[in-house]
Amino acid sequence: MLEVELKARIDDAREVEERVGKLAKFVRRFDKRDAYWHGPEWRLARGAKGFRVRTDGDKAVVTFKTKRAEGGMELNLEREFEVSDADAFEALAERIGCERFIRKRKTGSAWEKDGTLIEIMEVEGLGAFIEIERLVDEDEPAAIALAQGMVRAALADSGVPPEAIESRTYSELLLAAGRGDR
């Protein structure tokens, strides 16, 4: 699966949530805690070969992505698997030489409209964001273009202007804000 995604900064999360609530179905509230890891030899290319351990409720998932950007959106080939014990997995990662380099916490609400996921959240240390994503079965230009159009349409419907799109990753933003985890 290929994930077509964008994120944008928002000034008034409550207002955006009201608009989204009128056009999409509420899915759930969330509290996602992420730890980003890399191996010692990957330090110069942080994030390029790393992985994330996310806890969300009582579930822990390890994710690694192959990322690229097109038209202001991320296109991610995402692979993930669940682990029964995040602390034990992270202890194993440390034991084999990996290092955690950043932590992130996102709290907010998720909505769904016609297969498009819309999340409105507060990212600790960075502020309020909207994330919109759509999954595509194939890495095929026509399917990607259609998904990008649907994601952009959902952004417009939410009342967030395209100028608010943030092309940097949360990790880049957190590191730039001096919020690395060392």
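A residue is called buried under 20% relative accessible area, exposed over 50%, and partly exposed in between, with a 1.4 Å probe and protein chains only. The views below show a predicted model, in which local features need pLDDT of at least 70, side-chain atom pairs count only at pLDDT 80 or more, and totals for chains, interfaces and linings use all residues. Residues are numbered from 1 along each chain as its sequence is written, and side-chain values use heavy atoms, with hydrogens and water left out.

**View 1. The whole chain.**
Buried residues make up 44% of the 182 residues. The chain holds 4 helices and 8 strands. Helices (H or I, at least four residues) and strands (E, at least two) are DSSP runs, numbered from the N terminus. In order from the N terminus, the elements run β-α-β-β-β-β-α-β-β-β-α-α. The radius of gyration is 16 Å, close to the 16 Å of the globule rule for 182 residues, so the chain is as compact as a globular protein of that length. That radius is taken over C-alpha atoms, and the globule rule is 2.2 Å times the number of residues to the power 0.38. Along its principal axes the C-alpha trace spans about 50 × 35 × 30 Å. A contact means heavy atoms within 4.5 Å. Of the contacts with a separation of 6 or more, 65% join residues 24 or more positions apart.

Leucine 2 sits in strand E1, residues 2-9. Its relative accessibility is 5%, so leucine 2 counts as buried. Beyond its neighbours within four places in sequence, leucine 2 contacts Leu75, Asn76, Leu77, Arg134, Leu135, Val136, Asp139 and Ile144. Its C-alpha atom is separated by 17 Å from that of aspartate 114, 112 residues apart along the chain.

**View 2. Aspartate 114 in a loop.**
Aspartate 114 belongs to the loop between E6 and E7. Is this residue, aspartate 114, buried or exposed? It counts as exposed, because its relative accessibility is 57%. Most residues other than glycine have a negative phi. Aspartate 114 has a positive phi of about 50°, although it is not a glycine.

**View 3. Threonine 116 and its arginine partner.**
Threonine 116 lies in strand E7, residues 116-123. It counts as buried, because its relative accessibility is 4%. A polar contact of 2.9 Å links its side chain to that of arginine 134. Such a contact is a pair of N or O atoms within 3.5 Å; within protein, one must be able to donate a hydrogen and the other to accept it, and residues adjacent in sequence count only if both atoms are side-chain atoms. Leaving out residues up to four places away in sequence, threonine 116 touches Trp111, Ile132, Glu133, Arg134, Met150 and Ala154.

**View 4. Aspartate 56 and arginine 28.**
Aspartate 56 is part of strand E3. With a relative accessible area of 18%, aspartate 56 is buried. Its side chain makes a polar contact of 2.4 Å with that of arginine 28. Not counting residues up to four places away in sequence, aspartate 56 touches Arg28, Phe30, Asp31 and Lys32. The C-alpha atoms of aspartate 56 and threonine 66 are separated by 22 Å, although the two are 10 residues apart along the chain.

A pocket is found on a 1 Å grid over the protein atoms alone: it is an open set of points where a 1.4 Å probe fits, with protein on both sides within 12 Å along at least five of seven lines, and its lining residues have an atom within 4 Å of a point. Grid points are joined across faces, edges and corners, and a volume is the space filled by probe spheres set on the points. The largest pocket has a volume of about 1200 Å³. Its lining counts 46 residues, and Tyr36, Arg52, Arg54, Lys65 and Glu78 lie nearest the centre. Strand E4, residues 59-70, gives the most, with 8 residues. Lysine 65 is in strand E4. A polar contact of 3.3 Å joins the side chains of lysine 65 and glutamate 78.
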